[in-house]
Amino acid sequence: MKKYVWICAVGLCGAPAAAAQGPAAWFAKHGRGKLEYKVLWHEGSRPQDSRKARSEFRLDLELDIPLSDQARLFLRPDVRWDTDHLSAGLFDESRRDTMRRPIFHFQEAYLEWRPGPWEFRLGEQIFAWGTADGYNPTDNLNPRDYLDLADSEKIPVFALSATYYLDEVTSLQAVLVPFFTPSRFDGQDSRWSFFPAEPPLDFDRDLPADSLSNMQVGLRARTSVRGWDFSLSYFDGYNDIGRPTLTYERFAPLGPLGPVVLRPEGVRFAYDKVRTLGFDFATTWKHVGLHGEVAHTWTDGDRDDSYLQYVLGIDYTWADIRPGQNLRLVLEYAGEEVTSRGPERDGVPPTRLGRYLDDSILARIVYELDETRKLELKGVANLRGDDNFYLQPAFTWDLRENLRLKLGADIFTGAGESFFGQFDDNDRFFLLLQYYF
Amino acid sequence: MKTLPLLLAACLAAASAGELTGRQVMEKVRSHNNPHDELTELEMRLVDDAGRSRTRKLRIEYLRTDEGLDRTLIRFSYPRRMKGTGLLTHEQKGRNDDQWLYLPSLRRTRRIAADAKTERFVQSDFTYEDLQPEDLEDNAYKLLRSETVDGRPCHVVEAVPRSPGGYSRREIAVDAERWLPLRILYFDEGGRHVKTEHATEVRQHEGRFWRPDRVEMADLEREHTTVFLIQRRVIDGGIDPQHFTLRFLATGR
């Protein structure tokens, strides 16, 4: 709660300017917002959740409050509510310990100071490193919210970011993240759970303590040379997905005089220290865009695998295949190679979050019918082991300049134990209405 | 009597045309329209064959570097879902231009293929090729005739690209006194007239640069029109070169 008080206090520094211009004019210049209503209908049900319909409301604002020529406060308050109770609580004071999204929080809230070639940001931030389209192994600073796997999004982290701009295209960036935030996903209680409904389990997490020695660090250098964009990155922090282990309790099924057995009591997530070295590039050749990323992650203490992840992609646009109609294609191949195998897991399969693309094809096809309508198909095909797939066909229509309608479906298919196949019963249709202001 | 000035102007144009080649006409266009920097804020209206109109608002900043290379930054402010989207282009000699697109919703800057000249600019009737400054080395020019366009005496120059592009040729009607293209006819590979660009409401800036306040591109094939309505223009006002960096593209600062 305290941090929202200081945010509002700093934000009020911009109040005189707003009053002078009038709130509407000020917002038109310094703000923007989006109001969303989404309805989802699931075809099937899972043991964890038989409900088939969900509604979501969301208000997402951006406020860019200038404080001086070199400083500003950037705020992105976010209010959301849904009928499946994925959102709960008013503020995210305990977001590090909760498996629910806060109904109200700041997606981003930071102070920025820009003296000359430097740029400093302090506060809640979302980073976007990497050049690929559907998968970014070099983008590790933010954990993710996987409460709805088909709609996952980044969770902001409190960070100090310092960037030095050497020239038009070259920059060096350092990011310090003092407080660890784990990724968010449901244990057993939703249709997006990674664990079976039975037996009931308690979920617990061994979060790294807030201390200087546990601070996470990210470094990135990027530049552009003769039509090639490059960046080199390094992350020293924690695996925000967590490594699950079963915990057991002693149980006497025949009473106090009978034999005692161990039965699963819960799942405890441990967050291993990792270091990731990454490289990405982007270039174009004639009409074709080429991009790629590669990142190697070392897990300290060999508690888990060390592995190399990579993605290579192309993008191409067929312009005016019929007058005014364009077809865009982004095609990527993603893979993973384990360079050092960690110990066998104690009967608990990993969620595979963050590591489910190990021989995969990702594609996004957009067919622009005109300036207001487009058809889109995006998908992932995992080809190692049992093939499994995710597809999202969608139709988008800009009903008005600032009113957008999207109709689509999320389709999961594959063998029952595969990453997407486990959600085979979660196929759904959706309707999304967005109003921009 | 009223016809005498017009006749005189036409004779002057004819006499002038007799002294100039097509290339020379285009060189005069370039020399008379060669600012160091230029800021344009405009509204773009897309009108389909049913008369339905969509509006885009954008700001275009242009800078010519000391090396004579062009830098261009386009930033959208409307519709609201496009607000903050930016396109940065660095002209290069001897290779494709560098072009980056910033998408605020993704917080990402993407390199895009600047060679996609035939692609339409945000679904308008202008392609990226249409919007690029005229490069005299890319075309062969031939003076066709004199003609009056919107009451202005004009030289009509044919431009034929030296390498394949979106058009087999263009006919550019250049104001013989102001050296500003007033009308451009675009012809496809089959020689059909497919688009017409028409500049009107011409005003002088800074005492020497003539610029239209309205430019209309009509796509005859799909019966679609794009209109640029210039709201504000500043020429040689001194744009900070820092505006043409990846930093400024992503942050606006």
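User: Which residues make the nonpolar surface patch of about 440 Å²?

Analyst: First, the idea: patch members have over 30% relative accessible area and no salt bridge, with like charges joined within 9 Å and nonpolar side chains (Val, Leu, Ile, Met, Phe, Trp, Tyr) within 5 Å. Accessible areas come from the Shrake-Rupley method with a 1.4 Å probe, and for residues only the protein chains shown count as cover. Here the patch is built by A:Ile314, A:Leu331, A:Tyr333, A:Ile361, A:Leu383 and A:Phe389. Keep in mind that this is a predicted model: local features need pLDDT of at least 70, side-chain atom pairs count only at pLDDT 80 or more, and totals for chains, interfaces and linings use all residues. Residues are numbered from 1 along each chain as its sequence is written, chains are lettered from A and ligands numbered from 1 in the order in which they are written, and side-chain values use heavy atoms, with hydrogens and water left out.

User: Where does A:Leu383 sit?

Analyst: Helices (H or I, at least four residues) and strands (E, at least two) are DSSP runs, numbered from the N terminus. A:Leu383 lies in the loop between strand S20 (373-382) and strand S21 (388-400) of chain A. Buried means under 20% relative accessible area, exposed over 50%, and partly exposed in between (1.4 Å probe, protein chains only). With 34% relative accessibility, A:Leu383 is therefore partly exposed.

User: How do I read the open sheet of three strands in chain A?

Analyst: Strands of a sheet pair through backbone hydrogen bonds, either parallel or antiparallel. Two strands count as paired if DSSP finds at least two bridges between them. In chain A the order is S10-S14-S13, with mixed pairing. Strand S10 (202-206) and strand S13 (243-251) are the edges: each has a single partner strand, so one side of each lacks a neighbour in the sheet. S13(A) pairs with strand S14 (residues 261-270) in the antiparallel sense, over nine bridges. For a landmark, look at A:Pro244, whose bridge partner in S14(A) is A:Phe269.

User: What about A:Glu265, is it buried or partly exposed?

Analyst: A:Glu265 belongs to strand S14 of chain A, and with a relative accessible area of 31% it is partly exposed. Its C-alpha is 42 Å from that of A:Ala394, 129 residues away in sequence.

User: Which parts of the chain does the pair B:Arg111 and B:Asp98 link?

Analyst: In the salt bridge of B:Arg111 with B:Asp98, the closest N and O atoms are 2.9 Å apart. The pair links distant parts of the chain: B:Arg111 is in strand S6 (residues 108-111) and B:Asp98 in strand S5 (residues 98-103), 13 residues apart. B:Arg111 is buried, at 9% relative accessibility, and B:Asp98 is buried too, at 4%.

Key
Salt bridge = Lys/Arg side-chain N within 4 Å of Asp/Glu carboxyl O.
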